[in-house]
There are 2 protein chains.
Amino acid sequence: MEGAAVDHLAHERSRAQFDVEAMKIAWAGSKHAVDVADRMARLVASDPVFKKDNRMMLGRKELFKNTLRKAAHAWKRINELRLTEEEASMLRIFVDEPGYVDLHWGMFVPAIKGQGTDEQQKKWLPLAYRMQIIGCYAQTELGHGSNVQGLETTATFDPKTDEFIIHSPTLTSSKWWPGGLGKISTHAVVYARLITDGKDHGINGFIVQLRSLDDHSPLPGIVVGDIGTKFGNGAYNTMDNGVLRFDHVRIPRNQMLMRVSQVTREGKFVQSDVPRQLLYGTMVYVRQTIVSDASKALSRAVCIAVRYSAVRRQFGSQDGSPETQVIDYKTQQSRLFPLLASAYAFRFVGEWLKWLYRDVTERLQANDFSTLPEAHACTAGLKSLTTSVTADGIEECRKLCGGHGYLCSSGLPELFAVYVPACTYEGDNVVLLLQVARFLMKTVSQLGSGKKPVGTTAYMGSVQHLLQSKCDVLTAEDWLKPSVILEAFEARAIRLAVNCAKNISKFPSQEEGFSELSADLVEVAIAHCQLIIVSKFIDKVKEDIQGHGVKELLQILCNVYALSLVHKHLGDFVSTGYITPRQGALANEQLRFLYAQVRPNAVALVDAFNYTDHYLGSILGRFDGNVYPKLYEEAWKDPLNDTVVPDGYHEYIRPLLKQKFTVSRM
Amino acid sequence: MEGAAVDHLAHERSRAQFDVEAMKIAWAGSKHAVDVADRMARLVASDPVFKKDNRMMLGRKELFKNTLRKAAHAWKRINELRLTEEEASMLRIFVDEPGYVDLHWGMFVPAIKGQGTDEQQKKWLPLAYRMQIIGCYAQTELGHGSNVQGLETTATFDPKTDEFIIHSPTLTSSKWWPGGLGKISTHAVVYARLITDGKDHGINGFIVQLRSLDDHSPLPGIVVGDIGTKFGNGAYNTMDNGVLRFDHVRIPRNQMLMRVSQVTREGKFVQSDVPRQLLYGTMVYVRQTIVSDASKALSRAVCIAVRYSAVRRQFGSQDGSPETQVIDYKTQQSRLFPLLASAYAFRFVGEWLKWLYRDVTERLQANDFSTLPEAHACTAGLKSLTTSVTADGIEECRKLCGGHGYLCSSGLPELFAVYVPACTYEGDNVVLLLQVARFLMKTVSQLGSGKKPVGTTAYMGSVQHLLQSKCDVLTAEDWLKPSVILEAFEARAIRLAVNCAKNISKFPSQEEGFSELSADLVEVAIAHCQLIIVSKFIDKVKEDIQGHGVKELLQILCNVYALSLVHKHLGDFVSTGYITPRQGALANEQLRFLYAQVRPNAVALVDAFNYTDHYLGSILGRFDGNVYPKLYEEAWKDPLNDTVVPDGYHEYIRPLLKQKFTVSRM
Ligand SMILES: Cc1cc2nc3c(=O)[nH]c(=O)nc-3n(C[C@H](O)[C@H](O)[C@H](O)COP(=O)(O)OP(=O)(O)OC[C@H]3O[C@@H](n4cnc5c(N)ncnc54)[C@H](O)[C@@H]3O)c2cc1C
Ligand SMILES: Cc1cc2nc3c(=O)[nH]c(=O)nc-3n(C[C@H](O)[C@H](O)[C@H](O)COP(=O)(O)OP(=O)(O)OC[C@H]3O[C@@H](n4cnc5c(N)ncnc54)[C@H](O)[C@@H]3O)c2cc1C
Ligand SMILES: [Ca+2]
């Protein structure tokens, strides 16, 4: 991407056996998507306001102010250039700093769209679209996150004034975590326990104004602030995650989001005929974006680690020849290439989830709710799996860079710190897997009842076959057949599920069995989700894919993804009796051959992500591989190097050296 | 430890089935060790200079200066109170901030002790002991870390002046990473390529003065500075990891560390009759301290996560009763309790390593080198395994705390950031495991040759038995027998090793086989190291241990440690044919029963670590469990909360809200 004078990776690039430009299209989804990304990435990279290499040196306040500046500038550019929604969202991605705008566009607006009546949408959305109000999503409290039904904030209807009284009755009912809340949002969708006439109707959403639109001061009865420093140096500290308390704050009745349930003028609580499941639509949407973010974050880390592993040489020099590139070590490959394959796998399953969301939406509009539970379980599971693998994968990439990966200038520490909360927000990953497991146990219990499993659980329809069949792999090459891989993953998933269901049935009650065996159930859910990703990757490779060598390389990556999982979870595959230890060993052998096929293409495969140096933000991941001079240059910019003799020398070092203390017993 | 007014965990504490005070002794090693730790921890916690809760808010310079202040104050206290070496080192541990003193005492002094002649020790050690000089350990360069033999810095002997000329011939030869180097050290042990009379004699150590003892300015020919910000906010940024370049810097000949090799006045290079292996002694020492640090770091994280999991309640409330403590969820237990058990396991293997170090030292003094390769492999492997598990374990503990774990006030982000480099320094963990694997392959190849495997490889002597025997577990309880567990780990380790050796022998050369199969070899090494830890834990439980219930609880933890590994590595155990899938399932079943036994003791088991709130540095891990009010209080201290309306509002938010921009196409 960068037109560099030196290219230390030119030799690597010349070895690639496929058309990188065509792979860019396969990765991005279309030529159009590549072009938009290209234009937006350059726009951001060339604009001094969007500079981000100074982030490490800023205190919290300057850091935060700088993010406000970037957000305002981005908005200005979006308007000046009359960007489309697609372009604008790309631009925000490349600005690459969490900020209040993420919640405004990503949660506040969708919440109103999903839960507001037509009238409410007509009133609030234009304000939000023009950013005449800025909103956040205030659900989590100090005491409750995963258990939304346990939220304590109350919204009590007062029929006298036709208002709700929003109140925080306890310390633990303080809203806690909402992004954009702490310092910026003028409005929030607040989730609170609806009370009418002394009766508790459970959790509902309310649009609440928090701050004056004139001078930004909190409205009467509202205490609001930032919850403090978070993981990492820059990272998520550009975001004002906030705390919020209400002291009997009044809002008009029409600010309850009333699409699925309403409170009448008289204070009667009524459910509309719009089914509650509609709300799941938004969840499917939000989680699909999280899967797509996972592939982005993982691919960035992999891009850095692959390029640096090709630059870095250590050991193995014979008679003065250059040392071995660390990417040539099989241990390095066995850690790095499965992550490279995962980045591609997550990208494609993310694209498929977009299709799923469209499909669900269309069905909902036609009042068809039949696929919703399956779609919901599927997105919950994929959110959990892809974010966990990505978080661990980023840290693994950092370790793969040796000591230099520990420097912020490698980009990896901050990428990790900014990414990891994805394992927690929008559903704690373990809690989500338990939901998936519950759905799977239900599906298993209904097998043979005539109710056919749909979508990603369709394979469960072949339960009899999958319980009886055996893997017929005889040679390492047999593991390259998509049908062999697919059946192995299906058999493992269903066998684990059926075993678990059997074990649960031995307990006095289903509930007790479920909770006692929940650690096993998590493994059942993971097996199911891995199957989904493998099968979508296989489907992708079956598509008509343009460009010399592109399909071949994707096939290789698909096999790497699948076989590295077979190796990692060998216990599952062997102990459920579908494959033999010998077949497991053959899978592992084939994996080595696949790594050798990835190797000459590794750098080109990460080039295909098409990331600018600005977006990567990593000296180790520089496109031109010119790592050492730039690391050296960067070091001197640290504030500690402002003076040769450090501040504190005269007070704390000199007296010590000059031995002003008595000698100890040591 | 804290005499708190409230104790939200009192009920938990009352449920414990063992004597916590006795467990403290088992953990610390002796009553004396508990007392020293107690006194030093209180000393630090009560001294305002050692306050550390403001770390997140400091910029790099203030942070660093503050660390200098603490180090000087600690030194002052050590002298004033005439502390013993043991007390002083405890005090430094509880100050709990990486700083130049760590390298001075932990690397510079040991290097001179280990590699200096008696004369050199007599000259330099007293200066170092009194801190009239401050030293660091300058080995790693920009271009070389793992491959020490590839270092490029040169030390060329000049017979005319009887001096060495220290020089950095290339950019990549710049020293890079040494702690304490950047801003503080007056001296360094510098590793450089010794050249006499045009001949390269490989890497040797040299004592080099870097800075003036009068005004701290770098001596002529020396460029030195800090390498920049590292992972995390406070974390390792209190340390001045440095960059250093030499331009023909001259030092007297007697500043080469000459214990094992010397350069004569004439420039002749001679090896002394002291064997080179002596140097391994220092490595064994340093790595043993790293294992001991691992148990410390992991136990801190586990302490925080256990206490918070007992405080945190989520879901499961029936009719207004309190919700379920999250520590009661089996998924939480299956993630948390193996880490609790690992903390204990690492503690005991660390104590055993101290014995090993003493044993090696005695043998070396008696010119017995027979156990050295085994001791060396063992410490390398244990360093690798314990640091990897600890790094991942800290992050897992953070996730176990849900969203609140992501706040710096939880203590976990900084604990992670400051800990992870342990996976890289003192030997990259993968490189170390490959060394262990090489040693194991050699041991396997010598089986039956009459050379008996010693120490931790002694089990390999029973290779025939272990290859043929089968696990005889019939019930879940059978897995509680130490002999059953031990043989399972021995059989798995040796079977993996023998398989690998066989596979290697199929390659044209041993070297090629080793490198092609290196990913498998890493797994062989891990299996061997896990066996060591399991067997030392079993030995520990066999000891005479005082106190009601203490032995019983340690037995439970030992079983949790072992069986959770059987479950995690089921593929190894089953596919090598030692255990059946059914036996694997029984191990997993037993594991659940063990978790239920740990549960009522969990809080008391972490109390036994005896950590002060100051040392833990975590609101979630507070001894009194008073989490919510303190989280709330802490939030308001963030600099962002200095003003209600944030800096930047007028420039970047108001204009946006007031719509000064044209409307976009969106
Ligand atoms: C960076 C960040 C941004 C956020 N942004 C927002 C935002 O904009 N708006 C908003 O409203 N919220 C936000 N949140 C909050 C987030 O949604 C919650 O943190 C998340 O839902 C997890 O809930 P929790 O923190 O209560 O975890 P907990 O539920 O307390 O989890 C603690 C532990 O208990 C376990 N556990 C809990 N329940 C069960 C169960 N039933 N079975 C087994 N195990 C269980 C979990 O697995 C976990 O290990 C944000 C959080 C973060 C970290
Ligand atoms: C916080 C911190 C403090 C430090 N303090 C000091 C100090 O005080 N003094 C000092 O001298 N140094 C210090 N170091 C440097 C440290 O010792 C090195 O970083 C470490 O030795 C690893 O070497 P490297 O960085 O060159 O990694 P590399 O060797 O470049 O490793 C990069 C990757 O290559 C792989 N690799 C390398 N060789 C092989 C092989 N033969 N086979 C398979 N894979 C291989 C590794 O596994 C890794 O994945 C410090 C480092 C850190 C992070
Ligand atoms: Ca900072």
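A polar side-chain atom of Thr140(B) lies 2.7 Å from a nitrogen atom of ligand 2, a polar contact being a pair of N or O atoms within 3.5 Å (within protein, one must be able to donate a hydrogen and the other to accept it, and residues adjacent in sequence count only if both atoms are side-chain atoms). This is a predicted model, in which local features need pLDDT of at least 70 and side-chain atom pairs count only at pLDDT 80 or more, while totals for chains, interfaces and linings use all residues. Residues are numbered from 1 along each chain as its sequence is written, chains are lettered from A and ligands numbered from 1 in the order in which they are written, and side-chain values use heavy atoms, with hydrogens and water left out.

**Ligand 2**

- Ligand 2 lies between chains A and B.
- There are 31 residues around ligand 2, and the nearest are Arg312(A), Gln332(A), Thr140(B), Ser146(B) and Asp428(B); a residue is near a molecule or strand if one of its heavy atoms lies within 4 Å of it.
- The backbone of Tyr137(B) places an N or O atom 2.8 Å from a nitrogen atom of ligand 2.
- Gly179(B) has a polar backbone atom 3.1 Å from an oxygen atom of ligand 2.
- Ligand 2 taken alone exposes 970 Å², of which the protein buries 93%; accessible areas come from the Shrake-Rupley method with a 1.4 Å probe, and for residues only the protein chains shown count as cover.
- Two or more residues of the shell around ligand 2 come from each of helix H9 (330-365) and helix H10 (372-400) of chain A and helix H12 (429-446) of chain B; helices (H or I, at least four residues) and strands (E, at least two) are DSSP runs, numbered from the N terminus.
- By residue class, the shell around ligand 2 holds 15 nonpolar, 12 polar and four charged residues. Ala, Val, Leu, Ile, Met, Phe, Trp, Tyr, Cys and Pro count as nonpolar, Asp, Glu, Lys and Arg as charged, and the others, Gly among them, as polar.

**Ligand 1**

- Ligand 1 also lies between chains A and B.
- A nitrogen atom of ligand 1 is 2.8 Å from a backbone N or O atom of Tyr137(A).
- The side chain of Ser146(A) has an N or O atom 2.5 Å from an oxygen atom of ligand 1, and a polar side-chain atom of Asp428(A) is 2.7 Å from an oxygen atom of ligand 1.
- The protein buries 93% of the 970 Å² that ligand 1 exposes when taken alone.

- Asn233(A) lies in the loop between E7 and strand E8 (242-246) of chain A, and Asn233(B) in the loop between strand E7 (222-226) and strand E8 (242-246) of chain B, so the pair joins two chains.
- Both Asn233(A) and Asn233(B) are buried; buried means under 20% relative accessible area, exposed over 50%, partly exposed in between (1.4 Å probe, protein chains only).

**Salt bridges**

- The whole structure has 90 salt bridges over all chains, each a side-chain nitrogen of Lys or Arg within 4 Å of a carboxyl oxygen of Asp or Glu.
- Arg60(A) and Asp226(A) form one at 2.8 Å, N to O. This pair links distant parts of the chain, 166 residues apart: Arg60(A) is in helix H4 (residues 60-80) and Asp226(A) in strand E7 (residues 222-226), both of chain A. Arg60(A) and Asp226(A) are both buried.
- Asp607(A) and Arg307(A) form another, with the closest N and O atoms 2.9 Å apart. Asp607(A) in helix H20 (residues 602-607) and Arg307(A) in helix H8 (residues 278-311) of chain A are 300 residues apart, and both are buried.
- Shared partners join Asp7(A), Arg13(A), Arg307(A) and Asp607(A) into one salt-bridge network.

**Strand residue**

- Phe157(A), in strand E2 (residues 154-158) of chain A, is buried, with a relative accessible area of 6%.
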